[in-house]
Amino acid sequence: MGCIFCKIVEKEQKADIVYEDDKIIAFKNIRPLAPVHLLVIPKKHIESVKEISGEDIDLIGHLWVKMKDIAKENDLKGYKVAVNVGKEGGQEIFHLHYHLLGGWKSKKDRDIPNMP
Ligand code: 5GP
Ligand code: ZN
């Protein structure tokens, strides 16, 4: 109900989508913390890592396989994948999402001090 990422999935909310298939979608973060900062999400509304169940195993496996391809398509040789879990873990949007971060030019830039 009122989930912003579900609205992006349903195309009711604008987003810069870089990949989409029947199970997942990837789009640019509106407030990037790295030169490339994508959010990779299942289309299914799962609140957080804590709500992933056994029936989601294929979906989550699919997401990881595609996330690797998405990274490659965005010219990322190396990158970070970050997941905030729960309010106490810094999660602000309660629709499961993987932060895919990369594109740094130097080691110093690679630190992400602003990651919530
Ligand atoms: P969290 O803290 O929940 O792990 O991260 C949520 C992320 O979603 C934040 O980095 C925030 O910038 C991003 N975000 C929030 N609302 C929107 C939106 O409407 N569109 C896009 N593209 N990103 C959003
Ligand atoms: Zn949702």
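Which residues make a nonpolar surface patch of about 260 Å²? Select W64, Y79 and V81, which together form that patch; patches are made of residues with over 30% relative accessible area and no salt bridge, nonpolar side chains (Val, Leu, Ile, Met, Phe, Trp, Tyr) being joined within 5 Å, where a salt bridge is a side-chain nitrogen of Lys or Arg within 4 Å of a carboxyl oxygen of Asp or Glu, and areas come from the Shrake-Rupley method with a 1.4 Å probe.

This is a predicted model, in which local features need pLDDT of at least 70, side-chain atom pairs count only at pLDDT 80 or more, and totals for chains, interfaces and linings use all residues. Residues are numbered from 1 along each chain as its sequence is written, and side-chain values use heavy atoms, leaving out hydrogens and water.

Next, colour by secondary structure: the protein chain has two helices and five strands, with helices (H or I, at least four residues) and strands (E, at least two) taken as DSSP runs numbered from the N terminus.

Now select I24, V40, L63, M67, I70, Y98 and L100, which touch the most other members of the largest nonpolar core, a set of 17 residues; such a core joins buried (under 20% relative accessible area) Ala, Val, Leu, Ile, Met, Phe, Trp, Tyr and Cys residues through side-chain atoms within 4.5 Å. Helix α2 gives the largest share of this core, six residues.

Centre on L63, whose contacts (heavy atoms within 4.5 Å), leaving aside neighbours within four places in sequence, are I24, V40, I41, P42 and Y98. Finally, select F5, V9, F27 and I41, which are among the eight residues of a second, separate core.

Technical notes:
Chains are lettered from A and ligands numbered from 1 in the order in which they are written. Patches are made of residues with over 30% relative accessible area and no salt bridge: like charges are joined within 9 Å, nonpolar side chains (Val, Leu, Ile, Met, Phe, Trp, Tyr) within 5 Å. Buried means under 20% relative accessible area, exposed over 50%, partly exposed in between (1.4 Å probe, protein chains only).
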